[in-house]
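Visitor: Could you walk me through this one while I have the model open? I'd like to start with the overall picture and then go into details.

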Amino acid sequence: MGSRLGRQLGEWYQGGAVAQSLADRIRMLILDGRLTVGERVPSERALAAEVGRSRATVTKAYETLADAGYLARVHGSGTRVALPHRSATRVPAPSDDVIDLTIASVGSTPGLHAATVRALDRLASLLGTPGYSLDGLADLRERIAARYTQRGLPTDPSQIVVTSGAMHALTLITAAFGERGRAAIVEQPTFPHAMDALRRVGMRLVPTPVTPEGWDLAHLAGRIRETRPGIVYTIADLHNPTGATMPDLERAKLAATARSVGALVIVDETCVELDVDRGWTPHPFAAHGPAISIGSMSKLAWGGLRIGWIRADAPHVERLLAVRPSFDLGSPLLEQCIATELLDDMEGLLAHTRRRLTAGRASVRAGLATHLPGVVMPAVPGGLAAWVDLGSPISTNLSLAAREHGLLLPPGPRFTATGVLDRFARIPITWEPEVMDAAMERLGMAWRDLRAGSTPRGGAYEELAVV
């Protein structure tokens, strides 16, 4: 069957020095994220037998990669994938005439104003109460629970904790269940600030690859069994940023593998309702095994409506509510009332979102064809963005060049735990067509600058906030 590295090498010999060709191919697999940092590679003898070359050739290739920082020899643990240390500074953004593609949000729903007016009456009935709501308003929790039940996961309102957005939810969860020094499995690419939250509690990030075509389940299961993580963080529906959706069978297998080592699965469902034309809908992840789910109103209704939620089993809810007072004493009541009104018109919310995403997707596709010839847009059945393969590792330089044309675009490495995937860029499909058309024109200017040999100024966007 061969090793995972051996299966991915393909036709690696391009002429010239054999060891250098092998080293170049392995380095490309690392930079593309197909080999993940910390992953063990075969011994020199084993890989030599697998590729039909001498052990001396493989030894030379490994030495070349180790000298450059792409492999690390760990005593008693074999040879593992690494990355060279790179320092980077944040590049300040220009202050005017900027199109900001670090934000992927569908904007406010047309029904938001009317829902806010109706919510005032709902709020009035609460004015005689103390105003603190540690787990959230009962009416809102009932509606959120009902939506889970409609999606195929029977849920009681007592299993819902209302939060001030999805990031607030994840912060509570990591505070309650994170363990300093313990491994946390994260997808690569994934949402940057989720990784930040896990790092903040001292967890060690272990990446596993995801592409628009889906997950490498064998790799994911192997990393779970190998590292026995405390947490597995996944975006199983319309993954941010690749748009992939995990099939039911893979969800069941992942849930079983995580349960076998005692890992807590955290499922980020902030994109779950952003379906355009996927054509099929899986059951919620927690229908397949124990998991804590996170949801949010910001991607459906408006980023300024800071309401999210956690769905969990009773023991997890109890622990979350015990931890929460050290962060806050509940989410704002007016915003909870607005969210309650909006959830009563779920079909209207979904129709607005579908229209916006359909139009934005068409603009990105047309813009790539016009301004970045040769760059192909992957299938995007929904979600927030297109995860675009630029064909070569130029994403960081393209981001810096775009900034000089008044466009903020986070580079691919910003979505990784280890600084790889510089061949990719996340392009949102959430903006209005006229904004997206202008953004793609500016991106085309930056693309032509790079192709003409221009060198952009500045450093990498290591600290850039991404929504």
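**Overall picture and details**

Visitor: What does the secondary structure of the protein chain come to?
Guide: The protein chain has 15 helices and 14 strands, where helices (H or I, at least four residues) and strands (E, at least two) are DSSP runs numbered from the N terminus. This is a predicted model, in which local features need pLDDT of at least 70 and side-chain atom pairs count only at pLDDT 80 or more, while totals for chains, interfaces and linings use all residues. Residues are numbered from 1 along each chain as its sequence is written, and side-chain values use heavy atoms, with hydrogens and water left out.

Visitor: What radius of gyration does the chain have?
Guide: The protein chain has 23 Å, which agrees with the value near 23 Å for a compact globule of 467 residues; the radius is taken over C-alpha atoms, and the globule rule is 2.2 Å times the number of residues to the power 0.38. Along the principal axes, the C-alpha atoms fill a box of roughly 80 × 50 × 40 Å.

Visitor: And how much of it is buried?
Guide: Buried residues make up 56% of the 467 residues, with buried meaning under 20% relative accessible area, exposed over 50% and partly exposed in between (1.4 Å probe, protein chains only).

Visitor: Switching to the sheet, what is the strand order?
Guide: The order is β4-β11-β10-β9-β8-β5-β6-β7, an open sheet of 8 strands with mixed pairing, and two strands pair if DSSP finds at least two bridges between them. The edge strands are β4 and β7 (214-215), each of which pairs on one side only.

Visitor: How does β4 join β11?
Guide: Strand β4 runs antiparallel to β11 (residues 308-311), and 4 bridges join the two, with Ile160 opposite Arg311 in β11. Strand β10 (residues 292-296) also pairs with β11 in the antiparallel sense, over 4 bridges, and there Gly295 stands opposite Trp309.

Visitor: Which way do the β4 side chains point?
Guide: In β4 (residues 160-163), Ile160 and Val162 point one way and Val161 and Thr163 the other, and all are buried. In a regular strand the side chains alternate between the two faces of the sheet.

Visitor: Which peptide bonds are cis?
Guide: A cis peptide bond joins Gln188 and Pro189, with omega about 10 degrees, and Pro189 sits in the loop between β5 (183-188) and α8 (192-200). The bond from Asn240 to Pro241 is also cis, with omega near 20 degrees, and Pro241 is in the loop between β8 (231-234) and α10 (248-260).
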